[in-house]
Structures are given as structure tokens and as C-alpha cells.
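Student: I would like to learn how to read a protein model one feature at a time. Could we go through one together?

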Amino acid sequence: MILRIPKSMLRKGMFIESVECSDLEFSGRRFLLETDSALHSILASSAENVLVNRVKSRVDCGLPVFRQADEDLQPKSVQELNERTRIQHTVAQVTGILRDGFEDIKLGKFDIDRFAPAARHIAASLKASPHLLVEVTRLKTKDEGTYVHSLAVGGLMTGLGHLSGLEEETIKELTLAGLLHDLGKLMIPNAVLNKTGQLTDAERKVIRSHPERGYMLLKQYPEVSDLILEICRFHHEALDGSGYPLGLRADQLSLPIRICTVCDVFDALTSVRPYKRAWSNTQALKWMFDRGHLFDKKLILRMGSLFD
């Protein structure tokens with residue numbers, strides 16, 4: 001289980017998943033903390049919190065400590081703490097399914113049915129506690145960032161699908177589309193995908209190729225629906241035509257595509273990244289609502305109601 005603790009609680013023998021600061025300050029990820037020099041380097045960084053893996057640690061990590069954000073409250077009861085732990089387990093389980101499934105796709109083996117359990121788990125977690133699912137998926141390590149982002153988007157799309165009155169079969173497709181929408185990023189070099197500094201024009205062009213790469217990959221398989229293909233290809237389009245890869249405008253963007261765009265950006269804004277802190281749900285929704293030329297305002301309002 002992954003715990004988030006203040007860096008002051010760090011001890012040698014803990015397994016570090018991630019330090020919440022820029023890689024320029026401390027670049028170590030997924031290692032056993034064994035030396036005083038590594039401990040002092042983390043303590044000297046600007047990070048406030050560190051993600052530690054309780055299972056892989058050689059010492060007791062203690063109870064999880066959660067950051068109090070604008071709307072993220074401390075667990076009020078043992079029941080809430082247990083629910084958080086259950087969702088953390090679900091996220092880890094689904095991440096494993098996605099990792100294995102994506103690796104198979106890279107090897108030319110694709111079975112869409114293997115993603116069905118992941119879709120069911122995430123839909124159930126979203127229904128039980130949207131707020132906790134978003135909070136748990138905010139913390140993304142470099143190694144598993146794409147997978148955790150994909151499952152978060154899949155869950156949010158499930159919720160928005162229900163709030164938009166879509167049929168159950170369409171909602172199931174939306175969940176799968178969310179899980180697969182960033183598949184093209186697996187074809188992007190990690191040096192570019194995980195770069196913390198400013199991208200060059202050439203690197204930005206490579207990043208922007210991921211929707212088309214994912215679409216072309218999935219298009220090879222007849223069992224992939226047109227809805228999933230469209231979402232994979234067009235989730236970075238914008239209502240005013242300023243998006244990519246084709247610069248489509250509002251009248252060319254279906255409701256499922258608009259749903260994915262809103263969920264994709266919302267998760268990015270509310271997630272911890274090496275170069276930024278996570279925004280609160282309210283901050284992210286306001287920022288998006290103020291940019292109605294890019295995003296569907298009705299969907300942003302519905303997104304807000306997920307967390308009421």
C-alpha cells in the first residue's frame with residue numbers, strides 16, 4: 001500500500017516511491033532508503049511529503065498522513081479510512097491490469113475483454129466514493145503515471161456518462177475508452193514523456209502525435225468500437241478549433257469526445273506532477289469553466305456535482 005507521509009517522518013528502511021519535488025532537486029524514484037546522504041537530500045528538498053510503499057519497506061511506516069487541501073478532509077472515521085484503503089487497493093489492482101494489457105498491445109497482442117474487469121472495478125469505486133477515487137489517483141509516479149491517469153479518466157468518464165443521461169452500454173464503452181485513450185503515449189520515448197523542463201518544438205510535436213499513434217494502433221482491431229477510436233484520436237481537440245490533431249470545432253465533437261476532454265484535463269490539473277502541485281477540485285473546475293471556448297461548460301458543472 002502506498003502512503004503519503006511528511007518528509008520529517010522518513011526513516012532509513014522505508015521504500016520510496018516518489019518525492020514530491022522537481023527531479024532537479026531529487027530525482028530518485030522507487031528505491032529503498034538506506035543511506036544518510038539520500039535521507040539528508042530529501043530533507044533538504046522543497047518537498048513537503050513523500051510517497052512510501054508500506055509493503056516493500058523494511059521498517060514500520062506508521063499510519064498514513066493526509067494533506068489537508070481546500071476540500072480534501074482528513075478521514076472522519078475508521079469506515080472512511082477503510083474505504084480509502086480499499087480504493088487504494090483497487091487502483092493498484094487496476095494499474096497492474098492496464099500495465100500488463102498495454103505491454104501486450106505493444107507486442108501485437110490485444111484482447112479488449114481483458115480490460116473489462118478494470119472497467120468494472122473503477123466504475124464501482126467511482127460510484128462508492130468519487131472524492132476518494134480522485135484523491136487517491138492524484139499521486140502518480142513516473143513509472144505508472146500513464147496507467148493511473150488512464151484509470152482516473154475512465155472513472156470520471158463513467159460518472160459524467162451517468163450524469164449526462166447516457167445509456168448503460170454507452171457508459172461501459174466510455175469507461176473502456178478512458179482506460180485506452182492515452183495508449184499512444186506508450187510509443188513516446190520516456191525521455192520526452194517524462195521531461196520536467198521546457199519541451200523543444202520537436203519534442204512538443206512528438207508528444208502531440210500520441211492521439212494519432214494510439215488511434216492507428218487500435219484501428220487494427222475490429223473489436224474496438226468507433227466510439228473508443230474517436231475518443232482516442234480526438235480527446236485533445238477543443239471547441240474553438242485550437243486543439244489537435246485535426247483542429248476540429250464544436251459541431252464536429254460528439255458528447256463522448258467532450259466528456260473525455262473535460263475528464264482528461266481535470267485529472268491533469270488535480271494531479272501532483274514533478275513540476276507543480278495539485279490543484280483542488282474547485283480550482284480546476286473554475287479554471288476550465290472560465291475557458292468555455294475550449295471546454296463544454298455544461299459538462300464542467302456536472303463534473304462539480306460528482307463531488308457534492
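Student: Is I259 buried or exposed?

Tutor: As for I259, the cut-off for buried is under 20% relative accessible area. I259 has 0% relative accessibility, so I259 counts as buried. This residue lies in helix α11.

Student: Which residues is I259 in contact with, beyond its neighbours within four places in sequence?

Tutor: I259 is in contact with M157, L160, G161, S164, L166, L174 and L299. The C-alpha atoms of I259 and K298 are 10 Å apart, although 39 residues separate them along the chain.

Student: What is the general idea behind buried nonpolar residues?

Tutor: In soluble globular proteins, nonpolar side chains tend to be buried together. Here the largest nonpolar core has 64 residues. Those that touch the most other members are F102, M157, L218, F266 and M303.

Student: Which helix gives the most to this core?

Tutor: Helix α11, residues 255-269, does, with 8 residues. Another core, of 16 residues, lies apart from it, and includes I5, L10, C21 and A47.

Student: What is M303 in contact with?

Tutor: Leaving aside neighbours within four places in sequence, M303 is in contact with L156, L160, V262, C263, F266 and L285.

Student: Where is I257, and is it buried or exposed?

Tutor: I257 is in helix α11. Its relative accessible area is 3%, so I257 is buried. Beyond neighbours within four places in sequence, I257 is in contact with E230, I231 and F234.

Student: Where is I112 found?

Tutor: I112 sits in the loop between α2 (78-106) and α3 (116-128). With a relative accessible area of 12%, I112 is buried. Its contacts, leaving aside neighbours within four places in sequence, are L176, E223, V224 and I228. Between the C-alpha atoms of I112 and V224 there are 7.4 Å, and along the chain 112 residues.

Student: Which residues of helix α9 are buried?

Tutor: In α9, residues 210-218, the buried ones include H210, P211, G214, Y215, L217 and L218. To read such a list, look down the helix axis. The buried residues of α9 fall within an arc of 165 degrees, so they line one face of the helix.

Student: At what angle do α9 and α10 pack?

Tutor: The angle is about 160 degrees, and the axes are 7 Å apart. An angle over 145 degrees counts as roughly antiparallel, and α9 and α10 are therefore roughly antiparallel to each other. Where they meet, P211, E212, G214, Y215 and L218 come from α9, while I228, L229, C232 and R233 come from α10.

Student: Which peptide bond is cis?

Tutor: The bond from Y244 to P245 is cis, with omega near 15 degrees. P245 is in the loop between α10 and α11.

Student: Where is R11 found?

Tutor: R11 is in the loop between β1 and β2 (15-19). At 41% relative accessibility, R11 counts as partly exposed. Its C-alpha atom is 9.8 Å from that of T35, a residue 24 places away along the chain.

Student: Where is confidence lowest, and where is it highest?

Tutor: Strand β1, residues 2-6, has the lowest confidence, with a mean of 77, and helix α10, residues 226-234, the highest, at 97. For the protein, the mean pLDDT is 86, and 91% of the residues reach 70 or more. Over residues 63-75 the pLDDT is below 50, and this stretch has 36 contacts in the model beyond near neighbours in sequence.

Student: How should coordinates be read where pLDDT is low?

Tutor: Where pLDDT is low, the predicted coordinates should not be read in detail.

Note on methods:
Residues are numbered from 1 along each chain as its sequence is written. This is a predicted model: local features need pLDDT of at least 70, side-chain atom pairs count only at pLDDT 80 or more; totals for chains, interfaces and linings use all residues. Side-chain values use heavy atoms; hydrogens and water are left out. A nonpolar core is a set of buried Ala, Val, Leu, Ile, Met, Phe, Trp, Tyr and Cys residues joined through side-chain atoms within 4.5 Å. Buried means under 20% relative accessible area, exposed over 50%, partly exposed in between (1.4 Å probe, protein chains only). Helices (H or I, at least four residues) and strands (E, at least two) are DSSP runs, numbered from the N terminus. Contact means heavy atoms within 4.5 Å. The arc is that of the directions from the helix axis to the C-beta atoms. pLDDT is the predictor's confidence in each residue, from 0 to 100. Axes are lines fitted to C-alpha atoms, for helices over the stretch in contact, and angles run from 0 to 180 degrees between N-to-C directions. Angles under 35 degrees count as roughly parallel, over 145 as roughly antiparallel, 65 to 115 as roughly perpendicular and the rest as oblique.
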